[in-house]
Amino acid sequence: MNKTVNQKAWFLILPVLLLVAFSAVIPLMTVVNYSVQDTFGNNQFFWAGLEWFEQMLASERMWDALGRQIAFSAIILAIQIPLGVFIALNMPKKGFWASVCLVLMSLPLLIPWNVVGTIWQIFGRVDIGLLGYTLNAMGVDYNYTQNFYAAWITLIVMDVWHWTSLVALLAYAGLQSIPDAYYQAAKIDQASRWKVFRFIELPKIMGVLMIAILLRFMDSFMIYTEPFVVTGGGPGNSTTFLSIDLVKMALGQFDLGPAAAFSIMYYLVILVVSYVFYTVMTNLDKRDGH
Amino acid sequence: MSDMTHTIPKARSFGLPKVNGSAVVMSLYLLFLLLPIYWLVMMSLKTNSEILNTFTLWPRDLTFDNYLTILTDASWYTGYLNSMTYVVMNMVISLAVALPAAYAFSRYTFLGDKHLFFWLLTNRMAPPAVFALPFFQLYSSVGLFDTHIAVALAHCLFNVPLAVWILEGFMRGVPKEIDETAYIDGYSFPRFFVRIFTPLIASGIGVTAFFLFMFSWVELLLSRTLTSVEAKPIAATMTRTVGASGIDWGVLAAAGVLTILPGALVIYFVRNYIAKGFALGRV
């Protein structure tokens with residue numbers, strides 16, 4: 001759509017700007033402030049320059065957490081995106097069962113995150129959980145509080161349980177918007193099921209899929225509550241992701257300087273990756289527009 | 001497009017080559033989704049001794065005591081009221097500021113609009129863990145700590161950008177001629193916006209409200225950091241079940257079930273909007 005140039009539109013943006021300035025810019029500046037200062041208590045601060053950044057960049061703890069975080073996000077995306085699309089392709093198109101599927105699939109999305117953790121804790125525990133008890137009865141050595149692999153698998157399955165529906169719902173909405181004429185043309189050409197997906201459905205849902213990937217990347221990269229409830233970052237440090245480590249550092253140990261430097265680098269990583277996604281997305285939008 | 005689907009009834013069958021295969025896939029997936037929830041509900045209906053001492057697939061000794069504990073104890077049920085209060089506050093604030101902004105983004109070009117839009121989105125990407133401590137200090141210093149409005153404002157951090165993003169998509173779908181006609185007819189901007197424009201994007205507002213509810217209701221890190229007693233959310237109250245004698249699993253499960261219910265109700269009411277809204281708007 002052609003948009004008119006109108007500088008007065010700024011007045012419509014103003015409320016958002018003020019609100020976001022209050023709830024984002026002020027806190028962010030506080031973080032920046034802490035990241036370049038040191039304190040000996042009593043609210044006396046002095047300039048520390050980039051010392052904290054150097055310290056954090058040299059710290060193995062942060063790199064380990066970052067590595068775990070990247071691994072987690074990559075695994076999550078690799079499972080959820082294809083699975084979500086697959087589920088969307090299999091959902092009923094309309095009628096009673098479509099409603100049932102929509103309602104049931106939205107359910108995990110609306111459960112508070114710590115309750116998601118609680119659910120999987122109750123479900124996975126060896127003594128009282130259906131999953132843990134059954135697996136152990138079958139002779140599988142499964143205990144997510146002690147075993148590295150069990151902890152990771154539990155968290156990944158939990159996240160798949162929690163979020164695949166979002167990908168599926170978005171992809172489903174994209175599929176719904178494909179006109180039937182496309183399918184008919186494919187039928188006339190005797191295209192195989194795979195070709196229909198590859199050349200009609202996939203390009204058409206690409207835009208939505210990018211939103212899904214962006215949302216899933218951002219949220220999995222910031223994940224805190226669920227692993228905190230289920231494993232508490234353990235066993236050892238094996239599931240201590242960036243947010244868990246950060247909260248431990250900032251609110252637990254009150255190491256403000258390093259935590260602030262950590263925060264800023266953490267935020268920057270998300271920003272850069274998201275910017276790449278966003279640029280690709282808007283370019284796709286433009287291409288479709290022509 | 002929706003009209004076309006009615007005129008060509010046969011075409012649907014092509015999209016679903018194997019109806020049975022799809023049904024199997026969906027059944028398995030829904031089973032996977034519901035199994036943990038089933039277990040939670042069962043736990044909430046058992047006594048603690050049954051939970052800990054025996055392993056049963058359904059309660060042999062059905063009890064509603066766990067629910068009674070929650071519904072009769074003020075410190076439990078006020079948690080629900082607190083959560084509801086700040087979620088609703090947040091929805092109202094977010095929609096109120098996001099509607100005009102989304103309109104501006106969807107209709108006009110102005111200095112720095114693209115950068116502003118991305119900057120707004122970056123706030124959706126900000127890890128709450130980064131903001132927890134500064135928020136705590138900010139709201140303490142202005143005397144808002146442990147109030148509902150503090151949590152509502154804090155959740156605006158990620159909800160306002162999301163609302164602008166979704167609404168902008170819906171508004172782009174409304175032809176610009178409608179605005180122009182209304183102005184020619186002598187409507188002022190506020191009157192046009194409330195009387196004509198808002199009803200046109202009602203389903204978009206519904207979908208946005210759904211997402212606002214969802215992300216504010218499920219968030220714990222910020223709401224827990226910003227409250228202590230007066231505005232404590234239910235999700236934070238749940239940590240109370242860890243007592244001296246270990247975890248009270250039954251009550252914990254019952255509280256979990258009760259936190260699922262509001263979400264389930266919201267989904268039920270907006271289920272038609274979701275499908276329709278997804279198809280019309282941004283996506």
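Reader: Is A:Ser263 buried or exposed?

Author: Bearing in mind that this is a predicted model, A:Ser263 is buried, because its relative accessible area is 5%, and a residue counts as buried under 20%.

Reader: Where does A:Ser263 sit, and which residues does A:Ser263 touch, leaving out those up to four places away in sequence?

Author: A:Ser263 belongs to helix 12 of chain A. With residues up to four places away in sequence left out, A:Ser263 touches A:Val31 and A:Leu246 as well as B:Val130 in the other chain.

Reader: And how far apart in space are A:Ser263 and A:Leu12?

Author: From C-alpha to C-alpha, A:Ser263 and A:Leu12 are 32 Å apart in space, and 251 residues separate A:Ser263 from A:Leu12 in sequence.

Reader: What does chain A look like overall, in helices and strands?

Author: Chain A has twelve helices and three strands, and its C-alpha trace spans about 75 × 70 × 30 Å along the principal axes. Of its 290 residues, 56% are buried, and among contacts in chain A between residues at least 6 apart in sequence, 66% join residues at least 24 apart.

Reader: Now for chain B: how many helices and strands there?

Author: Chain B comes to 15 helices and three strands. Buried residues account for 55% of its 283 residues, and 74% of the contacts in chain B with a separation of 6 or more are between residues 24 or more positions apart.

Reader: Switching to aromatics, how many aromatic pairs are there over all chains?

Author: The count comes to 37 aromatic pairs over all chains. In one of them, the rings of A:Phe221 and A:Tyr266 have their centres 6.2 Å apart and their planes at 50°, so this pair is tilted. A:Phe221 lies in helix 9 (residues 193-221) of chain A and A:Tyr266 in helix 12 (residues 256-289) of chain A, so the pair ties together parts that are 45 residues apart in sequence.

Reader: Are A:Phe221 and A:Tyr266 buried or exposed?

Author: A:Phe221 is buried, with a relative accessible area of 3%, and A:Tyr266 is buried as well, at 2%. For an example in chain B, take B:Tyr103 and B:Phe197, whose ring centres are 5.1 Å apart with planes at 80°, so the pair is edge-to-face.

Reader: Which helices hold B:Tyr103 and B:Phe197?

Author: B:Tyr103 lies in helix 6 (residues 74-107) of chain B and B:Phe197 in helix 11 (residues 189-200) of chain B, so the pair ties together parts 94 residues apart in sequence. B:Tyr103 is buried, with a relative accessible area of 0%, and B:Phe197 is likewise buried, at 0%. B:Tyr103 and B:Phe197 belong to one aromatic cluster, whose members also include B:Tyr108, B:Tyr183, B:Phe189, B:Phe192 and B:Phe193.

Reader: Which arginine lies over the face of B:Phe215?

Author: That is B:Arg124, which lies over the face of B:Phe215 at 4.7 Å from the ring centre. In chain A, A:Arg198 lies over the face of A:Phe199, at 5.0 Å from the ring centre.

Reader: Where does helix 6 of chain B bend?

Author: Helix 6 of chain B bends by about 30° at B:Ala98, and a proline, B:Pro100, follows within four residues. This helix has 34 residues and reaches 49 Å from its first C-alpha to its last, close to the 50 Å expected.

Reader: Last topic, confidence: where in chain B is it lowest and where highest?

Author: In chain B, confidence is lowest in helix 1 (residues 2-7), at a mean of 44, and highest in helix 6, at 90. Chain B averages a pLDDT of 81, and 87% of the residues score at least 70. Over residues 1-14 of chain B, pLDDT stays under 50, and the model has 15 contacts beyond four places in sequence for that stretch. Where pLDDT is low, the predicted coordinates should not be read in detail. For the complex, the predictor gives an ipTM of 0.83 and a pTM of 0.83.

Methods:
Residues are numbered from 1 along each chain as its sequence is written. Chains are lettered from A and ligands numbered from 1 in the order in which they are written. This is a predicted model: local features need pLDDT of at least 70, side-chain atom pairs count only at pLDDT 80 or more; totals for chains, interfaces and linings use all residues. Side-chain values use heavy atoms; hydrogens and water are left out. Rings of Phe, Tyr and Trp (its six-membered ring) pair if their centres lie within 6.5 Å; planes under 30 degrees apart count as stacked, over 60 as edge-to-face and the rest as tilted. Helices (H or I, at least four residues) and strands (E, at least two) are DSSP runs, numbered from the N terminus. Buried means under 20% relative accessible area, exposed over 50%, partly exposed in between (1.4 Å probe, protein chains only). A charge sits over a ring if NZ of Lys or CZ of Arg is within 6 Å of the ring centre and within 35 degrees of the ring normal. The expected span of a helix is 1.5 Å times one less than its number of residues. The bend at a residue is the angle between axes fitted to the seven residues ending there and the seven starting there. pLDDT is the predictor's confidence in each residue, from 0 to 100. Contact means heavy atoms within 4.5 Å.
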